[in-house]
Structures are given as structure tokens and as C-alpha cells.
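Try each task yourself before you read the solution.

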There are 2 protein chains.
Amino acid sequence: MDFLQVRRPDDFHLHVRQGELLRAVVPHTANDFARALIMPNTTPPIADADAVRRYRDEINRASGKFEPLMTIKVTPETSPGTVRAARVAGAIAGKLYPEGVTTNSADGVRDFRQLSPTFAAMADEGMVLCVHGEDPDAFCLDREAVFLDRTLNQIVTDAPDLRVVLEHISTAAAVDWIRNKQTGVGATITVHHLLLTLDDVVGDLLKPHHFCKPLAKRPEDRLALIDAATSGDERFFLGTDSAPHPRNAKEHASGCAGVFTAPIALGTLAQVFAEVGMTDRLEAFTSVNGARFYGLPLNDGSVTLVNEEWRVPAEYDDIVPLLAQRTVGWKVLGDTAINS
Amino acid sequence: MDFLQVRRPDDFHLHVRQGELLRAVVPHTANDFARALIMPNTTPPIADADAVRRYRDEINRASGKFEPLMTIKVTPETSPGTVRAARVAGAIAGKLYPEGVTTNSADGVRDFRQLSPTFAAMADEGMVLCVHGEDPDAFCLDREAVFLDRTLNQIVTDAPDLRVVLEHISTAAAVDWIRNKQTGVGATITVHHLLLTLDDVVGDLLKPHHFCKPLAKRPEDRLALIDAATSGDERFFLGTDSAPHPRNAKEHASGCAGVFTAPIALGTLAQVFAEVGMTDRLEAFTSVNGARFYGLPLNDGSVTLVNEEWRVPAEYDDIVPLLAQRTVGWKVLGDTAINS
């Protein structure tokens with residue numbers, strides 16, 4: 001039996017929702033992760049300093065075991081003053097959604113250049129800009145590549161001092177885009193984009209629990225993402241985008257986008273890295289690269305993974321996880337406090 | 001107010017299922033169509049002469065108003081003798097499914113060359129081979145184009161006297177393939193492939209009632225299909241592939257493929273043809289080209305369409321139709337017996 005020990009990891013892209021759903025999902029992340037970057041697309045959104053403080057309190061009441069890293073949603077109304085106050089309240093990043101691309105993004109941005117003063121304030125405050133990189137006007141499979149060409153190139157050119165994370169990349173084009181930039185840009189990669197292609201969504205029967213934004217793409221895109229995640233390249237790091245929806249919001253005539261991976265993320269990642277013989281690079285992806293990009297200290301302690309098969313439950317509190325009722329080859333043994 | 005009169009149409013690709021579901025859906029087709037080619041992928045399949053007779057009787061009991069044109073399912077077990085007996089029982093075509101590509105195709109074909117004697121018997125009997133043209137081993141969006149290259153070219157080369165219909169084409173590649181063949185091949189086009197792209201399935205919220213095989217593809221594919229359907233080219237004709245599933249089989253963790261269009265087919269087609277200014281070619285597509293390809297007499301009588309908006313119901317007997325709760329610009333006024 002093989003064991004793997006990695007420094008306690010960070011999840012640099014996490015949805016925990018609100019209320020009852022928040023209380024159901026937060027413990028899954030708290031069990032395995034030291035910190036998680038909390039997405040602000042709640043209803044109403046986390047858009048200013050007061051909301052940041054209230055939301056952090058709500059998360060902490062659900063579990064004191066991990067540290068929520070707070071963000072604000074960058075909308076057309078986000079002023080430099082809002083940014084500075086949010087930074088004082090502890091927000092370390094702002095999340096930018098193009099209008100209409102995913103869950104609760106109707107208040108997203110269409111004219112990115114009007115946000116130049118906001119981006120300048122973020123750079124000045126050392127805040128990171130997290131971008132959902134899809135162009136809502138493009139054909140669904142082209143949205144990421146079109147956004148890179150039409151919008152993100154412009155943003156990074158106009159704001160050279162802003163640190164930018166392209167979130168949940170889904171294409172070989174995005175991997176190449178990141179690799180071709182010299183500094184200041186990184187990318188998160190989810191667990192589900194390492195596992196799924198569009199064949200797993202619409203290739204056989206329709207699988208709403210595999211439906212997410214950005215869509216899982218072609219097999220060659222998945223391979224490019226695995227290559228990036230396991231490369232050790234410090235610009236690529238874990239952001240699960242674990243996004244819980246109640247079962248009936250997924251199995252619906254208008255089904256929500258999002259894959260719930262918090263309970264299975266680490267075991268599944270160990271399996272993916274083991275399958276390509278790269279377990280020695282797992283820690284960089286889960287526990288080092290992201291913290292360094294954000295300028296955060298590395299976590300103390302470690303988690304131990306063991307290659308022991310376990311069967312993923314059909315659901316957790318009415319939320320169907322990725323790989324429900326399937327077998328995962330690795331599991332988290334539990335946290336072990338070590339000096340680091 | 002505009003009126004359109006077309007010869008009573010034929011639907012050269014229709015699923016009516018069995019039992020209660022059959023009795024619910026058959027009247028919708030019988031209202032608007034003179035004949036329909038009935039797909040044989042029931043459980044168990046319609047695979048021999050006896051099954052053809054029983055299934056036709058069941059359909060006729062549900063409505064005597066239209067003529068079901070019968071088919072058999074061509075499986076690895078379909079012998080030349082089976083073909084000849086089915087022809088005597090009235091089957092005019094055999095439907096070929098590659099293994100595993102769609103609803104009830106687990107008994108489909110993998111080795112097409114072993115069917116050469118069967119194909120020869122079909123050609124000899126004047127039966128048409130109807131093909132679900134997708135390669136199950138290819139990525140979902142490539143399956144049609146790969147099937148044309150790897151399999152269908154071989155079938156039409158090996159059996160030059162066999163008349164072949166490529167069913168429910170979904171790509172510009174298939175349109176080009178048909179146009180480049182000289183004789184003996186045709187293609188059906190569905191209503192939903194003239195309306196939908198993949199954006200309508202997975203581009204916004206997930207839409208299980210738009211999920212079908214072959215998948216709706218890119219915008220440029222849809223435009224190529226509209227161009228083919230409205231071209232007057234006699235090799236392209238209507239096959240709705242109207243495929244009813246109960247709502248809970250679509251809004252499900254493993255949702256079935258198929259779009260139910262029987263009640264809205266003609267009105268929607270009139271709208272599509274009107275939008276491109278080609279209503280004078282509607283009759284060729286719905287009522288002439290297919291009958292000529294199959295060597296059938298043209299139907300007597302006509303249906304009249306009027307450009308009057310109507311709202312499609314949310315469901316018909318628990319089956320959600322295409323364009324549910326949306327407005328269609330044309331409706332069928334009813335059949336009018338005329339001499340032809």
C-alpha cells in the first residue's frame with residue numbers, strides 16, 4: 001500500500017453558497033484543506049467590505065477548521081474606494097465575470113476598459129484579479145479561446161502590474177496562453193476538468209452532474225490540462241470550483257452549471273497524478289504554487305493519502321458529487337500535524 | 001395573412017414507441033402527415049416479418065388516419081432470409097445503428113462488412129438502408145464526420161445498388177458528403193437540427209429537452225442544414241426523428257436523447273422556410289423528395305398552413321415538445337382533400 005504525504009493544501013476557487021447549503025458543504029473543504037478562496041457570486045453578491053466581513057463570519061460559524069480567503073465580485077459598479085475598503089476587510093482578490101456566462105452573472109461586466117481605475121486600485125493594494133475567462137457572445141466551445149484573444153490580452157496589457165488568475169481553464173489554448181506569458185498570470189485547474197470531456201456530458205446519456213462552465217472540452221484539451229497540472233510549472237495550481245447545487249436544480253428542464261467535488265478532490269487528484277507517474281508533483285499543485293502566486297505563507301501540517309479504493313456516496317445532503325457511486329483509488333487518511 | 005398549401009407530407013423518420021406512449025404520440029403525426037417511416041428500435045426491436053406485422057397493427061389501432069411505413073432493425077443477426085420475409089410483410093427499409101450510439105442500440109453493428117449478404121438482399125428487394133451515421137468510438141462532435149469517412153464510404157462502395165439514407169444529418173460535412181455523391185444516397189433532416197445548435201443544449205443552462213443524437217452542432221452546421229433543406233435538392237427530405245420520452249426520463253441524472261417534434265413539425269418548418277424566403281420549396285422537402293427517393297406515389301390531398309402565431313403547450317401527455325411554451329409563427333389549418 002502506497003502513502004503520499006503533502007503539505008496541507010489550498011483550494012483557490014471554491015463556492016460555498018449561503019445558509020443551509022453553506023453549512024452542508026463547508027465541512028467537506030474544512031476536512032481536507034487549510035484555506036480556500038471563496039467565490040463571491042452569492043445572491044446578493046459579496047461586493048463590498050461589509051459583505052466580506054459578514055460572509056467570512058458565516059463561513060467561520062460553519063467550520064472553524066479552515067481559513068476562508070475572501071474575495072469581492074467586480075461589477076461595473078466596483079469603485080477604487082470599494083476595492084480599498086474590501087482589502088482592509090481582508091479580501092485578497094476580486095472576481096470578474098463577463099456578463100451572463102455562468103451562475104449569477106447577470107450583473108457581470110461587458111465593458112472591461114471602464115474598470116481600469118478599479119484594476120489599478122487592485123494592483124496598488126496587491127489584490128489579485130480572478131477572471132472567469134469566457135466570451136458570452138461566442139459559440140459555447142469557443143468562449144474561452146475567444147475571451148483570451150478579445151479581452152484578456154487587453155486587460156493584462158492595460159494593467160501590467162495587476163496579478164491575474166485565469167480561473168478553471170478548460171482548453172489547450174488556455175494552457176498555451178498561460179505558458180506564453182512571462183509574469184503576473186496564473187491559472188487554476190479544477191478536478192473535474194482533469195477527469196471529464198464533453199463526451200462525459202453529452203456523449204452518451206445526458207449527465208447533468210457533469211455539466212459545468214466552462215464546459216469540459218475535447219480529449220486533447222483534457223490531456224493538456226493534465227500535462228499542465230502535473231508539470232510542476234508554478235503558474236498552474238488547484239482551484240476546485242466545487243459548486244454545489246441541490247439535485248433537483250441539476251436534474252431539471254433548465255439545469256444549473258456546476259460540479260460538486262469538495263469531498264473527493266484530494267483523493268481524485270492523487271489518482272490522476274499517480275496514473276501519469278507524477279505523485280511527486282502533487283504537492284506543488286495543491287499546496288505550494290497557489291500560495292506563492294498569492295504571496296501567502298505555505299501551510300503548516302500535512303495530509304496523508306493512501307491508495308485504498310473507496311466508493312463515493314450517491315449524494316451528500318441531496319448534492320450529487322462528481323464520481324457518485326464510482327470508485328476512487330486514493331483517500332485522505334486525515335491531517336497530521338508536522339513541523340514544516 | 002399568408003397561407004401556404006402543400007401536398008400532404010411524409011415523415012421519413014419517426015419514433016412512436018409502444019403501448020401507452022404510442023397511443024399518446026401517434027395521433028399527432030396522423031393529424032398532419034399522410035405517411036411516416038416508423039423506426040424499429042423498440043424493446044424488443046422490430047427485427048423480423050412477424051414483428052413488422054404486429055407493430056403495424058398496433059400503430060393502426062392507435063390511428064387509422066395515416067399509413068405507417070415499416071422498417072426492420074438491421075442487427076448482426078439479420079440474414080438475407082429475414083430481409084426477404086420482412087419485405088413480404090411490407091417493410092420498405094432496414095435501419096442500421098452502429099453499436100451503442102443512441103437509444104436502444106446496444107445490439108447495433110460493429111462489423112459492417114459481415115452484413116454484405118444482407119445488404120445485397122436489401123438491394124435485390126428494393127429496400128432502403130437507413131443509417132444512423134455516427135462512429136461510437138469518436139469524440140461526440142466528430143462522430144458523424146468520422147462515420148462518413150471510416151464506414152459509410154465503404155458501405156456505399158461495397159453495395160453500389162443499395163439505396164442509402166443518411167438519417168438526421170447534423171453537420172456541414174454530411175451535407176457536403178451527400179452533395180458529392182452522384183446517385184442512390186439521400187439524407188433526412190430533422191426540424192430540431194434546423195433550429196438548434198449546441199449552444200441551445202449546453203450553452204446557457206442545461207436543456208435536456210434539446211438533447212438528441214446526433215447532437216446539435218455549431219452555428220455554421222445549422223446554416224448548412226437550412227441551406228440543404230431549402231435548396232430543393234431532391235436528395236434532402238424531412239425525417240423528423242420525433243422521439244418522445246416521458247419528462248422524468250429527460251430531466252434525470254442520466255437523461256435520454258431525443259426531441260419530440262411531431263405536433264410542431266409542420267408549423268415550425270413553414271417558419272424556417274419563410275425566414276429564408278423559401279416557402280415555395282417547402283413542399284419538395286416535406287412531400288415530394290422523400291417519396292421519390294423511396295419510389296412511393298405522391299400523396300393525395302394537401303395541408304394548409306397559415307402564418308398565425310400560436311403558443312406551444314408546456315407538454316403533451318407528460319412529453320415536453322420542442323419549443324414548449326414558446327411561440328411558433330405558422331400553424332396547420334387542417335387537411336383539405338383535393339385532387340392531385
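**Exercise 1. Find which residues of helix α6 of chain A are buried, and work out how they sit around the axis.**

Step 1: go through residues 172–180 of chain A and pick out the buried ones, which are A174(A), V175(A), W177(A) and I178(A). Buried means under 20% relative accessible area, exposed over 50%, and partly exposed in between (1.4 Å probe, protein chains only). Helices (H or I, at least four residues) and strands (E, at least two) are DSSP runs, numbered from the N terminus.

Step 2: check the directions. These residues span an arc of only 160 degrees around the axis, so they fall on the same side of α6(A). The arc is taken from the directions from the helix axis to the C-beta atoms.

Step 3: see what lies over them. The cover in chain A includes α5 (143–158), β7 (163–166), β8 (185–189), α9 (219–229) and β9 (236–238), with contact meaning heavy atoms within 4.5 Å.

A word on the ground rules: this is a predicted model, where local features need pLDDT of at least 70 and side-chain atom pairs pLDDT 80 or more, while totals for chains, interfaces and linings use all residues. Residues are numbered from 1 along each chain as its sequence is written, chains are lettered from A and ligands numbered from 1 in the order written, and side-chain values use heavy atoms, with hydrogens and water left out.

**Exercise 2. Describe the surroundings of T42(B).**

Step 1: With a relative accessible area of 7%, T42(B) is buried.

Step 2: look for a polar partner. A polar atom of the T42(B) side chain is 2.8 Å from the backbone oxygen of P44(B).

Step 3: set aside neighbours within four places in sequence, and T42(B) still touches R17(B), Q18(B), Y55(B) and N104(B).

**Exercise 3. Which parts of the chain does the salt bridge between D137(A) and R110(A) tie together?**

Step 1: confirm the pair. The closest N and O atoms of D137(A) and R110(A) are 3.2 Å apart; a salt bridge needs a side-chain nitrogen of Lys or Arg within 4 Å of a carboxyl oxygen of Asp or Glu.

Step 2: locate both ends. D137(A) is in the loop between β6 (128–131) and α5 of chain A, and R110(A) is in the loop between β5 (91–96) and α4 (116–125), so the bridge ties together parts 27 residues apart in sequence.

Step 3: compare exposure. D137(A) is exposed at 56% relative accessibility, whereas R110(A) is partly exposed at 46%.

**Exercise 4. Characterise the interface between chain B and chain A.**

Step 1: count the residues. On each side there are 29: 29 residues of chain B contact 29 residues of chain A.

Step 2: get the area. About 2500 Å² is buried between the chains, with carbon and sulfur atoms giving 60%. This is the accessible area (1.4 Å probe) that two parts lose on being put together, summed over both. In chain B, F139(B), V202(B) and L206(B) lose the most area to chain A, together 25% of what that side buries.

Step 3: D199(A) and R143(B) form a salt bridge, with their closest N and O atoms 3.3 Å apart.

Terms used:
A polar contact is a pair of N or O atoms within 3.5 Å; within protein, one must be able to donate a hydrogen and the other to accept it, and residues adjacent in sequence count only if both atoms are side-chain atoms.
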